[in-house]
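Reader: Could you take me through this structure, beginning with the ligand site and then turning to a single residue?
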Amino acid sequence: MANVVLLGVQWGDEGKGKVVDLLTERADAVVRFQGGHNAGHTLVIEGVKTVLHLIPSGAMREGIECLIGNGVVVDLQHLIREIDDLKKRDIDISERLIISLGCPLILPYHVVLDGVRDKARGKSAIGTTGRGIGPCYEDKVARRGLRVADLLDERIFSGKLEQVMEYHNFMISNYYHSDPVDYENTLEAMLRVREAVLPMMGDVSARLDSLCQSGKSVIFEGAQGMMLDIDHGTYPYVTSSNTVSAAASSGSGVGMTQVGNVIGVIKAYTTRVGSGPFPTELTDHYGEHLARQGNEFGATTGRPRRCGWLDIVALRRAVQVCGINALCVTKLDVLDGLDTIKLCVGYTFNGKQVDLPLYDAESLEQCEPVYEEVPGWDTPTAGTRDYSEIPEPAVSYLNRVAELLERPVTIISTGAGREETIVLEHPLGAG
Ligand code: GDP
Ligand code: IMO
Ligand code: MG
């Protein structure tokens, strides 16, 4: 059976969770491979909304294994809360969840550091989710971080924690002039969650290998979006992990040849939460329409999302870097009722046409979008499940996106609900 990588290829919140949940109808397992609980993936099933942050979007279908790969930074206290919230709704995920022993642990001092660092940036603050993601990845790369495997032995864990906290508390107190984090409290809290987590810790790489060997289908679920990638995104206004397709392999411990096709999920327009360049951002009534109709508020922080037209230039980079095979377009319904729609097909920078996003934020900030204008539509697409019912101007819009990106649109989402989707070609085959 096939595997598939599903990635957001804008600045996040493209509707990845909804699509992953839908595709689990033909999958055996879902694995997260990067990011942490900065993600917020919304699933709406039979009118009931669930927002998952750390647990893979296979949670809502019984029998689907949910794996958290080594590339994910894990806040265990948050994870336990998320598991408990599902339990209250009779969804017991603990029996089918494996957390990689290689996952870096987000600890309370990472959260403090995230806050004081972004505040210290002043006007150039990134506007992080404040969940300790960046500082945790820093510790991983600096080779001083604690990992899930360190919890196997209480004594080893407490020793390493004391050492690393001494270092971070020095920085917090003396450089940022903030209150240090208490070691005893941190240790006690971690030892409390340890008991609950021990049975779920495992070798995700080995499990994935065994699933692939036995012909099972795995969905690799991306978090954030391609333009938030630490290397290829709008640095430094990015998250601290690689969000590109290659991370599916390194962040879960499977070979590149196993990961399968790559589906790029794009909103029919663009949104961004937090700071950073956004060439197609709208502050007029079109922007208001997108924010209102799309209910554009962050699923993790509740912040209003900035809205703009679809940016083909940014998407060209995503297609190139992620090796995208096909596209899934979500929130088509949000464009319903607009008289006209614009597609950004290039930028101008210093009087010259640019076809790909520039790597430095300062120059990207100065790029002006070059638009192609297409007609909008009055017949609503909201909730449509049948391709033949999509009005002709909306079909033309989708065709133009496919043409510009030289990739087919194989999935179209017309509403938040699981069923409000048109699957023209299922990435996991005929089923
Ligand atoms: P993710 O982070 O990529 O999983 O996306 P989020 O859950 O953060 O944000 C997507 C939002 O759009 C959520 O509120 C979804 O319920 C909603 N959504 C997803 N697909 C559609 C769609 O096709 N139409 C509409 N109107 N809403 C959608
Ligand atoms: P999902 O998976 C949208 C943004 C933050 C901030 C930047 C860095 O739901 O699409 P971080 O806390 O990661 O250090 O913040 O990245 N960001 C997201 N924006 N969707 C997300 O996740 C995001 N995760 C992080 O707003 O600009
Ligand atoms: Mg989200």
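This is a predicted model: local features need pLDDT of at least 70, side-chain atom pairs count only at pLDDT 80 or more; totals for chains, interfaces and linings use all residues.

Reader: Which residues come nearest to ligand 2?
Author: They are K16, H41, T129, Q224 and T239, out of 20 residues around ligand 2 (a residue counts as near if one of its heavy atoms lies within 4 Å).

Reader: And what is the shell made of, by class?
Author: Around ligand 2 there are 10 polar, 7 nonpolar and 3 charged residues.

Reader: How far does a backbone N or O atom of D13 lie from an oxygen atom of ligand 2?
Author: The distance is 2.8 Å for D13. A backbone N or O atom of Q224 also lies 2.8 Å from a ligand 2 oxygen. Of the 540 Å² of accessible area that ligand 2 has on its own, the protein covers 98% (Shrake-Rupley method, 1.4 Å probe).

Reader: Changing topic: is T271 buried or exposed?
Author: T271 is buried, at 2% relative accessible area (buried means under 20%, with a 1.4 Å probe and protein chains only).

Reader: Which side chain does the side chain of T271 make a polar contact with?
Author: That partner is K267, at 2.8 Å (a polar contact is a pair of N or O atoms within 3.5 Å; within protein, one must be able to donate a hydrogen and the other to accept it, and residues adjacent in sequence count only if both atoms are side-chain atoms).

How values were computed:
Residues are numbered from 1 along each chain as its sequence is written. Chains are lettered from A and ligands numbered from 1 in the order in which they are written. Side-chain values use heavy atoms; hydrogens and water are left out. Ala, Val, Leu, Ile, Met, Phe, Trp, Tyr, Cys and Pro count as nonpolar, Asp, Glu, Lys and Arg as charged, and the others, Gly among them, as polar. Buried means under 20% relative accessible area, exposed over 50%, partly exposed in between (1.4 Å probe, protein chains only).
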